[in-house]
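Subject: Structure handover

Hello,

Here is the structure to look through. Please keep it open beside the notes that follow.

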Amino acid sequence: MKPRYLVLAIACLAALAAPNLAGAQEQRPPVSQCQAIAQTIPKATFASFSGASPLVPAVSEGEDVKLTFLGHSTFEIETPSGIVIATDYNGWYRPATPPDVVTMNKAHTTHYTLTPDPGIKHVLHGWSDIPGEKANINLVVGDAYIRNVTTDIRFSYGLGGAHENGNSIFIFEIAGLCIGHLGHLHYELTDAHYTEIGRLDVVMVPVDGGLTMGADSMSRVIKRLRSSLILPMHRRGPPVEAFVSMFGKDFDVANAPDDSITVSMRTLPKKPLIYVLKGVR
């Protein structure tokens, strides 16, 4: 083949391959800015969050995320761009604005619904309907990146008995913040779980004292996570004080005047704060 024809053939092949390469790049999973990179267990090195991955929405520090306690373990999370997320959504506790995304867990019927409003675009189950498989959530919606880390549950009212990987800790990466919802956590986390979770700036934690875990076990999880802002939820029976009493001088405690808090990277408490929103206590 003459040189000029060879060059032309190579150029044509490159032009045909380019769209396929672009498509492959678009299909790569997002890169978490909060997740720990396992170097040695139990030690871990946290991924840098100073710059955004090209596959995760760009954020700027100082943008506000609003969290509102709706009831039980349902929070409304509103992102700076107006994306509305409802956690452990059961259809009873609804945000004022129809949510774009809902997450669910299956330990009890108060944490999920199999008949959500068909207008909800993204319904994320924290369990897999395929036996032996894990739920695997990696979703970008507007300025939010949502992923999950699965844990086992002892029992599941309405959907069967004990279920390996039946609960999901949902993690929302928004405006530089790493926000975690522990769901219906039944067992203390392993080193592998902590590595998968990575950094959590804000964590929503069940404080029922028994239906999930006892206050001592749950407090050990929170002490290890060492989030800046701890939001109790899922209080059934014992007062929040039973959970709060597990913490010493390294944690501040405050009762909120209302049911919501607005937070950003710049306004995170410098000392871990257990912040009890109105309606939880």
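Both faces of strand β13 are covered: Leu229, Leu231 and Met233 on one side, and Ile230 and Pro232 on the other, are all buried. Buried means under 20% relative accessible area, with a 1.4 Å probe and protein chains only. Strands here are DSSP runs of E with at least two residues, and helices are runs of H or I with at least four, numbered from the N terminus. The strand β13 covers residues 229-233.

This is a predicted model, in which local features need pLDDT of at least 70 and side-chain atom pairs count only at pLDDT 80 or more, while totals for chains, interfaces and linings use all residues. Residues are numbered from 1 along each chain as its sequence is written, and side-chain values use heavy atoms, with hydrogens and water left out.

Two strands pair if DSSP finds at least two bridges between them. Strand β12 (residues 202-206) runs parallel to β13 and is joined to β13 by five bridges; Met204 has Leu231 as its bridge partner. Strand β16 (residues 273-276) is also parallel to β13, with two bridges, and there Ile274 stands opposite Ile230.

Another sheet is open and has six strands in the order β7-β6-β5-β4-β3-β15, with mixed pairing. The edges are β7 (122-125) and β15 (260-263), each with a single partner strand, so one side of each has no neighbour in the sheet. Within this sheet, β4 (residues 74-78) and β5 (residues 84-86) are antiparallel over three bridges, and Ile77 has Ile85 as its bridge partner.

How many disulfides does a search of the whole structure find? The search finds one, where a disulfide is a pair of cysteine sulfur atoms within 2.5 Å. The cysteines are Cys34 and Cys178, with sulfur atoms 1.9 Å apart. Cys34 lies in the loop between α1 (3-26) and β1 (36-38) and Cys178 in strand β11 (residues 177-181), so the bond ties together parts 144 residues apart in sequence. Both Cys34 and Cys178 are buried.

Last, the largest pocket has a volume of about 250 Å³. A pocket is an open set of points on a 1 Å grid over the protein atoms alone, where a 1.4 Å probe fits, with protein on both sides within 12 Å along at least five of seven lines; lining residues have an atom within 4 Å of a point. The volume is the space filled by probe spheres set on the points, which are joined across faces, edges and corners. Of its 14 lining residues, Gln35, Asn136, Asn138, Asn148 and Glu196 are the closest to the centre.

Regards

Conventions
Buried means under 20% relative accessible area, exposed over 50%, partly exposed in between (1.4 Å probe, protein chains only).
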